[in-house]
Every structure is written in structure tokens, then in C-alpha cells.
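Good morning, and thank you for making time for this presentation. Please have the display open while I speak.

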Amino acid sequence: MEERAGAGPRRAGCGLGTAGPKSSGRAARGAAAPWARFSAWLECVCVVTFDLELGQALELVYPSDFRLTDKEKSSICYLSFPDSHSGCLGDTQFSFRMRQCGGHRSPWHADDQPYNRKAPAALQKEPAHYLGYVYFRQVKDSSVKRGYFQKSLVLLSRLPFVRLFQSLLSLMAPEYFDKLTPCLEAVCNEIDQWPGPVPGQTLHLPVMGVVIQVCIPSRVDKPECSPLKQYDQENLLPAPVVLASVHELDLFRCFQPVLTHVQTLWELVLLGEPLVVLAPSPDVSSEMVLALTSCLQPLKFCCDFRPYFTIHDSEFKELTTRTQAPPNVVLGVTNPFFIKTLQHWPHILRIGEPKMSGDLPKQIKLKKPSRLKTLDTKPGLYTSYTAHLHRDKALLKRLLKGVQKQRPWDVQSALLRRHLLELTQSFIIPLVRPTQEGRRAGGDTSGGLRPQAHSLSPHPQEHYMASLMPLQKSITPWKTPPQIRPFRQDDFLRSLEHAGPQLTCILKGDWLGLYRRFFKSPHFDGWYRQRHKEMAQKLEALHLEAICEANIETWMKDKSEVEVVDLVLKLREKLVRAQGHQLPVKEVTLQRAQLYIEMVIGSLPKDLQAVLCPP
């Protein structure tokens, strides 16, 4: 394959093979840089094969000038093949997540901001990890010394679009295994012609004679799943292959063996508890881990997760050490060796081979961790955890009835997803709903927060996070905005008596105990930091609006030059932040702020004007 000239420093001209520099780094790429459109979707495509002398080996990286560190190459090699215990024959698709290694984190990541601002929190680009989507083939081949053809095609990305990339691999991989390099080059060139992933837009992505139609979710979408809008399909030849979602898995299929414990698993994930998923193969492992991490939507999953993890991973010692408490990770593994290695972990989910019959599979049982046995451990959820909430028996009856009536699995998945969504919303509502006891800063229904994908309708009671915002009347143009009041857990817990989750959820149980544990979890920390940041930005935006609505000439009459210059500098700083979309302000406010800056500078002596506006 030919290299494209002029790529940025992250892409350095190395050959098609695995040779390359040992350091990893990114640099800013211009909009017209080679592979700019490709890079909006994928980092690179890798081919991993089995070498009799080396074991798994990286045969190909494309585009050929994309740099991976030696540690990254090693991780990709091991994570792209099922381990020997899985015995995967034929074609298998799965995914993995690995840490980016080495290298200075450069300004190139600023390019992610336009996408991340509009995307739901759960679909934002990974800042420090790669996501690998694998198509592995193992078939008998007498022409090969080992007797088997073994090869993986891997898409490396920072986007969590598992459904889209699995569909893309289903088209690419069989053709690649047949025609090899020329096919891969052609497909990559096609991807380099795709429009970028813009949240809220329906896109048509042509590849290999097929047009894939997708809608990229936006943070202002309603969280409930809705059918993909159809746009001008009659003008598209061939008719597009419509993907209902770029990221959602078949949740019912993933959770079939654990339906009776879905709420317990939801609580464990919500609390960021260390959890091992031991599955018979990497496809089952990775789908279960991804299904678990999606349970919290619209909350962002803030812990680490590894859909497929091996004993050869560079982080193996770090994640399996007994010298400290297990980390907040959901870990997907297939090697029974992990039962012995991770016996000290508090929660281990052992699942068996998936059964595709018409009946609901036998449900796994809750078992004490002491019953864990090496290698021959039976399926079960091994934990001492007692769920805070009672099981929703009505949901289980509906799902079982759906199985008996042969209800389509996508409908079953929609029921399950809606249940988990409503459960998460009921838990979060008391934290985010607005107050009607006085007009809070922002005057909107999100407690002064920027609208999210999970914005909810108004509620008559005062809900806690909104009450921390100062009243709008307390924001005046010439004083520093008032501070957001601190979050006090005891105050919040007292508010639950009148404004708790019981208002929107029929489930009974120890909600207070669940909140108390939630406050100690990484998810509360991540959620609170983001909310506090958005509230602070809203306050700053309202302060800027207050300044722009004030009579600045009257204010300037009795002010010294130092005070006037200080105002100019502060206004400029706010304007830069607002223009960078870090403040939620209207365009008319930006124009007025710019006009004020020019007017104030014009009132100053010429020497100060020269300092503030150098030629």
C-alpha cells in the first residue's frame, strides 16, 4: 500500500509491518490533513496473525504511518485472539479496551471538543484508551503447518460505536480474508470519504457497495429509544442498510442468564464495585461487560472497564495484585486461571455457554464467594452483597411472557432498557430537579444546568442540586457572582422524605442506604464534578449577561483607569471562554460584549489603547 504524504507527527512513515518507533504521541492535524476524515472515525486498522515462532504477531497496520508503541502493539496482539480455553472455531466478533501508552498528550485532542460537546456523556470519545473491535477467524487449513488458519482484523477507535463497527467488520473481514491487502486499502479510502460523526445527524456511509445509514445520538435527544428517521431513501441506490443504533447491544440476549439478578447487577455497577465476568468466550465476555456498563444511562460510566482481558496484558499485575483493595473495574475474562487469581475480588459473575433455544435459559444463582472453586466453578453470581432494592417481579413476568409468546428480541431489549433507564432516572431525579421556591439562577427546568440527554420534566418539589444555585436576583453586574452552595449529604438525605425516588418508582427498599454508598463511589464523584462545572459555567454566563444589560457608561464615570482596564481584561477572558462554547450564552450577548469592550477601550488614553490593542 502506498503511504500518503504530509501526515502529522502521530503518523510517521514506517512500513506496513510492525516496525516503528517506541514512543507514542499525537500532534495537531489540520482539517485538510491526509486521513483527517478517516481519523474522525478510526485510529487505524490492524491485522493480527499467528506465527509459529512468535505466537500472535502484528502483521499489518493501516494507514501504514500510524504509530503504536511496542506496549500497545503487544496488547493489541494478545487482545485480538481468544485464549486457548475458548476454542472458538469459525468467525467470532468481540471487543476490547486498552490504555493508551507513552507519549505527550498533545493539543490534537482539542479536535474532540465539537463532537463531545454535542454527544451524550456515554458516547464521548475516549481520551486515554483505545477501543478495539475484532473479527477473528479460525478454520481448518491443511496448507498451514499448524493445521489452522488464524487471523484477526481489528478496528482501533476512540468511539464506543460497537454496533456500527461490528457491522462494518461483517462487511470488511470476509472480503479481506479472501483478497487481503488491496481490499483493506480500498475500504480505508472509502472511510476517508465519510462525513464526520456529528451528533444529531443521520449519515449515509458508503462502503463496499453498501450504504450504511446511521443516526449519531445527541445529548438533547430524549433518552427513550426511537426508530431511526428515514431520509430520502428512495433517492439512494442501493437502498441503505439501516442501523437502529450505533452503540446499543441486544440487551435481552446479553442478560438472558442473569435476568433475575439484573437489579443487583445494576446496583453493583452504580456503586462502582469491582466485578469480574468470567465467560466461555471473548464475545460473551465483551458483550456482558458492555451491557453492564450501559445499565447506567443516562449517567456516564466513570469507572474502568475491560470487555476482554488476558493474563498477558501489561496491566495484569496492576489489576490482580492482592497488596491493595481491588480497583473499580468491570473485568471480562475467559481464562479459568482468573478464578484463582481474583478470588479476593468481592463479586464474580460466572456465566456458561449461551443457549439460543426458544425458552429462557436457566437463571444463575446467587452464591457465597467461599463456594468458588478453581477451574470447574459452576455458573453463578458469587457475592456477599445484599441488594438494597426489592426485585421487580412484574418486569420478570413481562419478559417471561414475551419469551412464551415469541416476542421479538428487540422488543424484549427495549422493555429491559426502558426499565433500567427509568430506574436510573428515578435515582437521579432527587439530585437534579429544579425548585419552585423562588427563581433560581438560570430560570430553566434543569436547575441552572445545561440541557442533557436525560433532561427531565419539572417537578413540584424542591430537588437538591437545583437548590444549591443562588437566586438570579443575587447576580449583579459589578460584583463577583455568588458561590454555589456546597453539597451536604445529610441535607440531601433529609429531603428524600418528601422528594425521593418513591415519587417516580414503585420499587421498595433501602433507598437511603443505596444513596449513602453511592456518595462514596466514582460515579457520584464524576457526576457531581460535571454538574458543578456546568452550574459554574451557567453562573458565569448569567454574570456576563448582567454586565451586557447594564449601563456601562454610568459605571465608568467615577472609575479609575486601573478599574476600567481590569474590566476590559475580565470581559475579554469571559468572551474567549464563551466563544469557545465553554459558556452557554446567546450570540447577541457575545456581540454586545465585544461592542462594550471596544467602547471601553475607546474611552481610554491613546497609550493604554495601544497596550490593549497592539497593532
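I shall go through the sheets, then the cores, the salt bridges and a pair of helices.

Please bear in mind that this is a predicted model.

I begin with the five-stranded sheet. In what order do the five strands lie? The order is β2-β1-β5-β4-β3, the sheet is open, and the pairing is antiparallel. The edges are taken by β2, residues 55–62, and β3, residues 90–99; each has a single partner strand, so one side of each is left without a neighbour in the sheet. From one strand to the next, the twist averages 25°.

Let us take the pairings in turn. β4, residues 129–140, and β5, residues 148–157, pair in the antiparallel sense over 10 bridges. Within this part of the sheet, leucine 131 stands opposite serine 157 in β5. Helix α4, residues 162–179, packs on the sheet and touches β1 (44–51), β2, β3, β4 and β5. The direction of α4 makes about 140° with that of β5.

Strand β1 deserves a separate remark. Is β1 largely enclosed or left open by the rest of the structure? Six of its eight residues are buried, so β1 is largely enclosed. β1 is joined to β5 by six bridges, and these two strands run antiparallel. Cysteine 46 stands opposite valine 154 in β5. With β2, β1 pairs in the antiparallel sense over seven bridges, and the two form a hairpin with three residues between them. Here phenylalanine 50 stands opposite glutamine 56 in β2.

β6, residues 202–207, is joined to β7, residues 210–215, by six bridges, and the two run antiparallel. The bridge partner of histidine 204 in β7 is glutamine 213. This hairpin has two residues between its strands, and in it methionine 208 takes a positive phi near 50°. β7 is also joined by two bridges to β8, residues 241–242, and that pair runs parallel. Isoleucine 212 stands opposite valine 241 in β8.

I turn now to the nonpolar cores. The largest has 111 residues, and the members that touch the most other members are Trp41, Leu164, Leu184, Phe255, Trp266, Leu349 and Phe487. Helix α4 supplies the largest share of this core, nine residues. What does phenylalanine 487 touch, not counting residues up to four places away in sequence? Its contacts are Leu431, Tyr464, Met465, Leu468, Phe492, Phe519, Phe524 and Tyr528. Another core, of 25 residues, lies apart from the largest one; among its members are Leu583, Val585, Ala593 and Ile597.

The next topic is charge pairing. How many salt bridges does a search of the whole structure find? The search finds 23. In one of them, arginine 158 is paired with aspartate 112, with the closest N and O atoms 2.9 Å apart. Arginine 158 lies in the loop between β5 and α4, and aspartate 112 in the loop between β3 and α3 (113–118), so the pair ties together parts that are 46 residues apart in sequence. Both of these residues, arginine 158 and aspartate 112, are buried.

A salt bridge also connects the side chains of glutamate 287 and arginine 253, at 2.8 Å from N to O. Glutamate 287 belongs to helix α8, residues 282–293, and arginine 253 to helix α6, residues 251–255, so this pair ties together parts that are 34 residues apart in sequence. Glutamate 287 counts as buried because its relative accessibility is 15%, under the 20% limit. Arginine 253, at 31%, is partly exposed.

Lysine 559 and aspartate 558 form a further salt bridge, at 2.9 Å from N to O. Here lysine 559 counts as partly exposed, at 25% relative accessibility, whereas aspartate 558 is exposed, at 60%. There is also a network of salt bridges, which links Arg97, Arg99, Glu126, Asp304, Arg306, Glu315 and Glu318.

Finally, the helix pair. The axes of α12, residues 409–432, and α15, residues 511–518, come within 12 Å and cross at roughly 75°. The two helices are therefore roughly perpendicular to each other. Which residues meet between α12 and α15? Leu423, Ser426, Phe427, Pro430 and Leu431 in α12 meet Trp511, Leu514, Tyr515 and Phe518 in α15.

Thank you; I am glad to take questions.

Key
Residues numbered from 1 in each chain as written. Predicted model: local features only at pLDDT ≥ 70, side-chain atom pairs only at ≥ 80, totals over all residues. Heavy atoms only, no water. Pairing = 2+ DSSP bridges. Helix = DSSP H or I, 4+ residues; strand = E, 2+ residues; numbered from the N terminus. Axes fitted to C-alpha atoms, helices over the stretch in contact; angles between N-to-C directions. Contact = heavy atoms within 4.5 Å. Core = buried A, V, L, I, M, F, W, Y, C linked by side-chain atoms within 4.5 Å. Buried < 20%, exposed > 50% of the residue type's maximum accessible area, 1.4 Å probe, protein only. Salt bridge = Lys/Arg side-chain N within 4 Å of Asp/Glu carboxyl O. Parallel < 35°, antiparallel > 145°, perpendicular 65-115°, else oblique.
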